[in-house]
Structure formats: C-alpha cells, structure tokens
There are 2 protein chains.
Amino acid sequence: MDNTLSAIKKMEIIAREIPGVISLAQGIPCVPSDRIIRKEVIMAINNNKVDKYSLTAGAMELRNLISEKLKKEGMEYDAAREIVVVAGAIEGLTATLLSILSPGDEVIVFTPTYYSNYREIVKLAHANVVDVPLVEKSGWSLDLNLFKKRISRLTRAIIICNPNNPTGSLLRKEELLEIGELAKKRNIVLILDDVYYNILYEKNIFLLARNKQFKNNIVRIVSFSKDFALSGWRIGFLPGPEKLISKILPIHDCLVNCAPVVSQYAMMSAIRHESKIVFNTMKKYRKNKELMASLLKQLSGFLSFTVPKGTYYFFPKIFKIKNSEDFCLKLLRKKKLAVVPGSDFGPGGEGHIRLCFGKSEKEIVDGIRRLKQFLFINKF
Amino acid sequence: MDNTLSAIKKMEIIAREIPGVISLAQGIPCVPSDRIIRKEVIMAINNNKVDKYSLTAGAMELRNLISEKLKKEGMEYDAAREIVVVAGAIEGLTATLLSILSPGDEVIVFTPTYYSNYREIVKLAHANVVDVPLVEKSGWSLDLNLFKKRISRLTRAIIICNPNNPTGSLLRKEELLEIGELAKKRNIVLILDDVYYNILYEKNIFLLARNKQFKNNIVRIVSFSKDFALSGWRIGFLPGPEKLISKILPIHDCLVNCAPVVSQYAMMSAIRHESKIVFNTMKKYRKNKELMASLLKQLSGFLSFTVPKGTYYFFPKIFKIKNSEDFCLKLLRKKKLAVVPGSDFGPGGEGHIRLCFGKSEKEIVDGIRRLKQFLFINKF
C-alpha cells in the first residue's frame with residue numbers, strides 16, 4: 001500500500017514549525033468547545049463513566065439520543081441496529097468504504113471536493129475513484145449527463161459532500177433526486193459526507209436522507225468536529241439501513257474497537273444543547289464570512305470567488321496561478337500564511353486556493369493582508 | 001468485505017442485556033483510571049488544550065515523552081519520525097497491517113492467540129493468516145521447525161502477542177531470537193502486540209525490540225488500555241523504523257486523522273506517573289491471580305490450567321467440553337456468567353475458556369462459583 005498524506009496535512013506540518021505563522025489551512029474551528037460540554041464531560045470523568053470500552057456501536061444511551069435527534073430532523077433510524085458511533089467522520093467513511101468495496105470497484109466523486117482524502121481511502125480498498133467535475137461557471141453545479149456517463153457496472157458508491165468542501169456550494173434538489181433515483185435503480189450506495197450540514201447560510205437545505213424511498217441506499221457520515229468545535233475529540237456517527245450498518249460494524253471494530261468513550265459523553269452533551277451551541281457558532285461564522293468576503297473583494301484584480309452557501313471555506317480562483325501547490329508553499333515561506341492548494345481537491349481545483357474562516361477575526365484580517373502583500377509584490 | 005464481530009464482542013453484547021450478569025469475558029480492567037490522570041486531563045480540558053486536531057502522528061510534546069520513556073527502557077526511537085500515537089492497539093495494528101500487506105500476502109500467527117481479531121484485520125487487507133499452533137503440553141512453547149515450515153515467499157509479517165492473550169505464556173529468549181534472525185534474513189515485519197508487556201508476574205521479560213539489529217524489522221503495538229485502565233480512551237502508540245512508520249502514517253490518517261487529543265493528554269499523564277500507577281495496578285492483579293488460581297484448583301476434577309506469567313487471563317481446559325461456544329452460551333444463559341470460548345482464539349483454543357481476572361474480588365469469587373455450579377450440575 002502506497003498512501004500519502006494530503007497537502008492539507010503537509011501544510012500544517014510545515015506551518016506548525018514556523019513561528020508567527022497564520023493558518024487559514026486545515027479546517028480547525030478557532031472557537032473552543034462550549035463550556036456546557038466541558039462541564040458535562042468532566043462530570044462523566046469524575047463519575048467513572050469513561051474508562052471502560054463501550055459496546056462497539058457506541059453506548060446505548062448515546063445511540064438513543066441520536067435516534068431521537070434524527071427523528072426530530074425527519075429521519076427514522078433504529079438506535080440498536082441502524083446507528084454506529086464512530087471516531088470522527090474519516091473513521092466512519094473508511095469503515096463504510098471498506099465494508100462495501102471489493103478490489104477493482106469504482107467510487108464516483110464530484111470534484112473539486114475533499115478529494116485527496118477520499119482517494120486515499122478508496123485506494124485502501126484497492127478500488128478506484130472516478131471523477132465527475134462540477135461546472136464552475138454555473139456555481140459548481142452537476143452536469144447530469146456527464147455524471148450518468150461515468151456510472152459503470154463497477155460503480156459501487158457515490159460520495160456526496162453537501163455543502164461541499166471546498167466550494168461551499170450546494171447541490172440542487174433536482175440534482176439530488178436524480179442521483180437518488182439512479183442509485184436506487186443501480187443498487188449503488190450513496191455516502192453522504194454531511195460534515196458541514198449544520199454550517200449553512202441558506203434557510204433550507206434539501207436532505208436526500210429525509211426521503212424514505214432512498215433509505216436503503218444511504219449512509220450518512222455525521223461529524224461533531226466543525227459545528228461543535230470538537231475536532232480533537234474524534235467523534236461522529238453513521239445512520240444507515242441495517243443491511244449496510246451490520247457490515248460496517250465489524251470493520252469499525254477493526255478500526256477502533258469503539259469510539260473514545262469520553263468523546264461519546266461530549267457528543268451526548270452536544271446533542272442535548274445542540275440548538276444553543278449551533279446558534280452561537282453560526283453567529284460567529286456568519287460574521288466571519290462577511291468579513292472575509294469584504295476583504296477578498298478588495299483583491300478583485302487578482303482573484304474571483306463565489307460566496308459560500310455552507311461550510312466555512314472560500315475557494316477563490318487566483319488569476320495568474322500556474323501551480324497551486326507551488327503558490328501555497330511560497331506564500332507560506334515568504335508571508336508565513338498557510339492555505340490549502342486547490343489541486344488537493346482533485347480535478348477542477350487547480351488554480352484555486354482554500355481559505356478557512358472558522359478562525360478568529362484577527363487571523364482572518366492578518367491572513368488576508370499577508371495574501372494581499374504576496375499578490376501585489378510577487379510574481380508566481 | 002464480509003467481516004464479523006468476534007465471540008468476545010458477541011458475548012458482551014448479549015451479556016449487557018442480562019440483569020445480574022457477571023462478566024469475566026472482555027478484558028476490561030475493573031479498576032478506574034488513576035486519580036492523577038483524571039486530574040491532569042481535566043486541567044487540559046479547562047485550559048483549551050484538547051478541542052483541536054493534533055498533528056496526525058500525535059502531539060509533539062507527547063511523542064517526546066514517549067521517546068524518553070522508550071530510551072529509559074533501552075530502546076531508541078526518534079520522536080518526530082519513528083513514533084505514531086494511535087487510537088488504541090487495534091487501530092495501530094490495522095494501520096500497520098494495511099500499510100504492509102498486499103492482496104494474497106501471508107501473516108503468521110501463533111495460536112491460540114487474539115486470533116479472531118487478527119484474522120478480521122488481515123482479511124481487510126485481502127491477505128491470509130497462516131497458523132502456527134503453540135505446544136500446550138510444554139507450556140505453550142513454539143515448535144520452531146513447524147514455524148519455519150510455515151514461512152513462505154508470501155510471508156510479509158508475523159504477529160507476536162507476548163505475553164500471550166489468552167494463554168498468559170511467554171516466548172523464551174531463544175525462540176524470540178530465532179524469530180528475529182529469520183525475519184531479518186527474509187525481510188519479514190515482526191508486529192509485536194505488546195498490549196500486556198507491563199502486566200508481568202516474572203521479574204524479567206526478554207524484549208526483542210531492545211536488540212538494535214532487529215529494529216528495522218519491528219513495529220511494536222503499545223496500548224494503555226490494560227496497565228493504565230484506559231480502555232475507553234482508545235489510546236496507544238507505535239514505535240518503529242522510519243521506513244515503516246512513514247508508510248503507516250498516511251493509513252493512520254485514513255483511519256482516524258489523529259488519536260483523540262483528550263486521550264493523548266491522558267497518556268502524557270500516565271507516562272509521567274507510570275511507575276506509581278503500574279505498581280498499584282500490578283499489586284491488585286497479582287492478588288487476583290492468586291485468588292483465581294486457588295478457586296480454579298478446587299475445580300481440578302473438571303479442568304486443568306497453567307498459571308499465567310503475564311496478562312490477566314486464565315485459559316483453563318475444560319475436560320468434557322465439545323464446543324466451547326455452545327458451552328459459553330449455555331453458561332451465560334443458565335448461570336449469567338460471561339466468559340470467552342477458546343475457539344475464538346484460533347486452532348488449539350477449542351476445549352478451553354478464557355477467564356479475565358482484571359476484575360473485582362467479588363466478581364471473581366461469584367463468577368467462579370457460578371462456573372462451579374454449572375460444571376457440577378450440567379451435562380454439556
């Protein structure tokens with residue numbers, strides 16, 4: 001197996017060794033987790049609740065909470081048989097892909113997206129990624145004809161990140177319904193990377209998973225890293241039909257045995273206080289989005305961008321960029337600003353950079369100032 | 001992929017739904033984690049240290065501590081390039097095996113051992129387990145001739161659990177040296193499952209990893225679940241040569257991104273207070289071992305056993321047992337006692353049951369009483 005670390009990770013490794021660096025690279029929320037979560041986790045620690053393994057699928061108490069939460073959101077999943085608590089979205093995604101893929105199988109991915117990580121995981125299963133480039137000029141929409149052409153008898157899964165990292169765009173209801181119909185007809189698993197589904201600046205998002213007729217084809221990957229600022233805790237969950245979950249469970253067992261129990265308690269607390277916490281987080285992200293948009297507008301001679309509908313990323317196109325990885329490395333060395341090269345997000349990402357605004361105001365202002373200086377002074 | 005949960009896990013799932021059950025099944029320490037660990041973890045939580053991702057290989061501060069600890073134990077590993085902090089031993093083992101195996105490769109496993117888990121992981125990599133049964137009558141020693149015969153041109157790795165789960169036996173120095181020489185000559189990776197290396201009732205254990213000439217062939221899997229009672233925290237580490245660690249790291253990234261950061265702080269604390277904590281834990285386990293041995297002696301008409309040199313398991317042979325899984329399921333239903341069927345540990349395990357004594361005195365006394373009643377009354 002010859003896997004490699006993504007450019008996001010490489011950037012972070014270099015960045016952390018540079019004093020005075022500002023990072024708008026890895027999607028780490030700048031805010032700490034909510035005080036109520038800490039308080040309740042500390043209670044659990046002091047009450048001897050977190051030292052022992054939980055069941056492989058997660059503590060029953062937590063799965064019941066998740067099942068109730070999903071019900072309120074319009075989705076029905078049985079706590080005992082249709083939910084697995086995982087050690088973060090990546091673990092959930094890997095367990096899911098390893099459970100359904102055989103060597104040589106194909107997985108469809110819409111690009112640009114969280115590409116290099118998806119590709120590395122698919123490679124682990126000795127399967128192949130098939131790209132469907134999104135159409136930039138129409139706001140990263142899906143070319144349905146192209147999509148259909150890329151489906152083959154080897155297609156086993158489609159990964160859909162919605163809202164999409166890094167473009168911040170949303171797929172339209174019609175696009176999602178067509179994907180759903182096709183998946184159902186051809187027995188393809190839809191893996192919904194719903195890591196950012198709480199980070200939305202539009203009022204409504206169409207959730208394919210609410211549609212019962214597609215339930216047997218859908219595994220959702222839900223993380224608590226971004227909306228609850230719990231990235232270090234490695235916690236998330238998968239809802240899916242029993243037929244798929246029962247195959248994922250023994251793989252999840254090989255990957256981590258069970259999700260860290262202390263983090264399971266953090267998730268219980270996050271779910272209990274969800275509306276308040278997400279409200280506060282979104283207030284901050286909304287403000288940061290406006291700030292970054294206004295700063296980027298001042299650079300319109302050098303770049304163009306669309307305002308994200310979800311996630312906490314901008315994905316501007318830099319006009320004169322040739323190689324985004326070179327650009328980002330130079331930017332890091334000369335201006336001590338870490339951002340992610342667009343090429344890391346697969347075909348269609350080259351020429352762009354990803355900027356995270358899940359950061360402090362100061363980091364955003366200083367970061368974009370550094371980018372500006374770099375764009376004004378340097379040839380690249 | 002068609003993986004299944006081990007009998008250990010299945011037993012636990014059934015057991016947790018039976019009121020009044022006693023479990024001597026899964027290897028979960030009954031003791032809580034040390035108070036000093038909780039105190040230091042809570043400080044880290046309150047100081048905003050645990051919310052964000054660490055680097056993929058783990059926090060540098062922790063890797064430095066691990067490197068110093070290993071040095072004191074006679075092993076030299078570079079903190080930046082030769083150590084990965086993992087989300088428990090299973091994650092470390094899976095990352096290691098996926099990084100070195102190609103489809104069709106072979107992995108040698110000495111049985112009985114932690115077999116069903118090893119086999120499921122090897123299956124994930126589309127590779128095959130090759131068994132080498134240990135010789136029960138000579139205290140589970142290794143038949144070196146048989147071992148050599150089982151090595152083929154497809155052998156890529158040998159997994160060695162020492163002290164061995166479930167037999168509690170130790171490989172002799174000569175056996176380990178011969179394995180080391182062979183691995184070196186044939187370019188085979190030795191994966192040392194050192195989960196129990198702190199739980200020893202003999203004064204000295206021969207650690208192959210102290211021998212520099214084998215360093216390039218060895219990856220050690222070190223867990224903090226058993227000796228530090230941190231099983232729920234999912235934390236451990238791998239020391240290995242840069243050549244192997246650099247391949248393991250991107251797979252580890254696919255499996256969990258990074259080990260849970262809150263648990264990384266638990267590990268820092270555990271390492272800083274290691275001698276005191278392990279001393280206390282071992283005092284308890286030593287006492288429990290004597291207790292269980294004396295209770296099992298009273299059942300000598302029904303079973304035979306050897307006293308473990310390490311781990312917290314007894315692995316008695318039940319004279320009249322035909323199918324250990326049936327035996328254990330009946331024992332669970334009729335006497336509400338959960339133990340693990342020997343068949344779960346691979347060839348040579350059938351006819352035995354595994355009893356964990358990392359439990360409270362009361363559980364051990366009551367548990368063995370239930371076993372006794374079952375043996376006296378039932379035909380099986």
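Me: What do the numbering and the model type imply for reading the names and values here?
Reply: Residues are numbered from 1 along each chain as its sequence is written, while chains are lettered from A and ligands numbered from 1 in the order in which they are written. In this predicted model local features need pLDDT of at least 70, side-chain atom pairs count only at pLDDT 80 or more, and totals for chains, interfaces and linings use all residues, with side-chain values resting on heavy atoms and with hydrogens and water left out.

Me: Why are α1(A) and α11(A) called roughly parallel to each other?
Reply: Helix α1 (residues 7-15) of chain A and helix α11 (residues 324-335) of chain A have axes that come within 11 Å and cross at roughly 15°. Angles under 35 degrees count as roughly parallel, over 145 as roughly antiparallel, 65 to 115 as roughly perpendicular and the rest as oblique, and α1(A) and α11(A) are therefore roughly parallel. The angle is taken between N-to-C directions, on a scale from 0 to 180 degrees, with axes fitted to C-alpha atoms over the stretch in contact.

Me: Which residues make the contact between α1(A) and α11(A)?
Reply: M11(A), I14(A) and A15(A) of α1(A) meet C328(A), L329(A) and L332(A) of α11(A), where contact means heavy atoms within 4.5 Å. By class this contact has 6 nonpolar, no polar and no charged residues, with Ala, Val, Leu, Ile, Met, Phe, Trp, Tyr, Cys and Pro counted as nonpolar, Asp, Glu, Lys and Arg as charged, and the others, Gly among them, as polar.

Me: How do you know that α10(A) and α12(A) are roughly parallel to each other?
Reply: Helix α10 (residues 274-297) of chain A and helix α12 (residues 361-377) of chain A pack at an angle of about 15°, their axes lying 10 Å apart, and α10(A) and α12(A) are therefore roughly parallel. The residues of this contact divide into 8 nonpolar, 1 polar and 2 charged.

Me: What makes β2(A) and β8(A) a pair of strands?
Reply: Two strands pair if DSSP finds at least two bridges between them, and 4 bridges join strand β2 (residues 83-86) of chain A to β8(A), in the antiparallel sense. Within this pair V84(A) stands opposite L238(A). Strand β7 (residues 218-223) of chain A also pairs with β8(A) in the antiparallel sense, over 2 bridges, and there S223(A) stands opposite G236(A).

Me: What makes both faces of β8(A) count as covered?
Reply: In strand β8 (residues 236-239) of chain A, G236(A) and L238(A) on one side and F237(A) and P239(A) on the other are all buried, a term that means under 20% relative accessible area, with exposed set at over 50% and partly exposed in between (1.4 Å probe, protein chains only).

Me: Why does W140(A) count as buried, and why does N187(B) count as partly exposed?
Reply: W140(A) has 5% relative accessibility and therefore counts as buried, whereas N187(B), at 49%, counts as partly exposed. W140(A) sits in the loop between β4 (128-133) and α6 (144-150) of chain A, and its phi is near 60°, a positive value in a residue other than glycine. N187(B) lies in the loop between α7 and β6 (189-193) of chain B, and phi of N187(B) is near 55°, likewise positive in a residue other than glycine.
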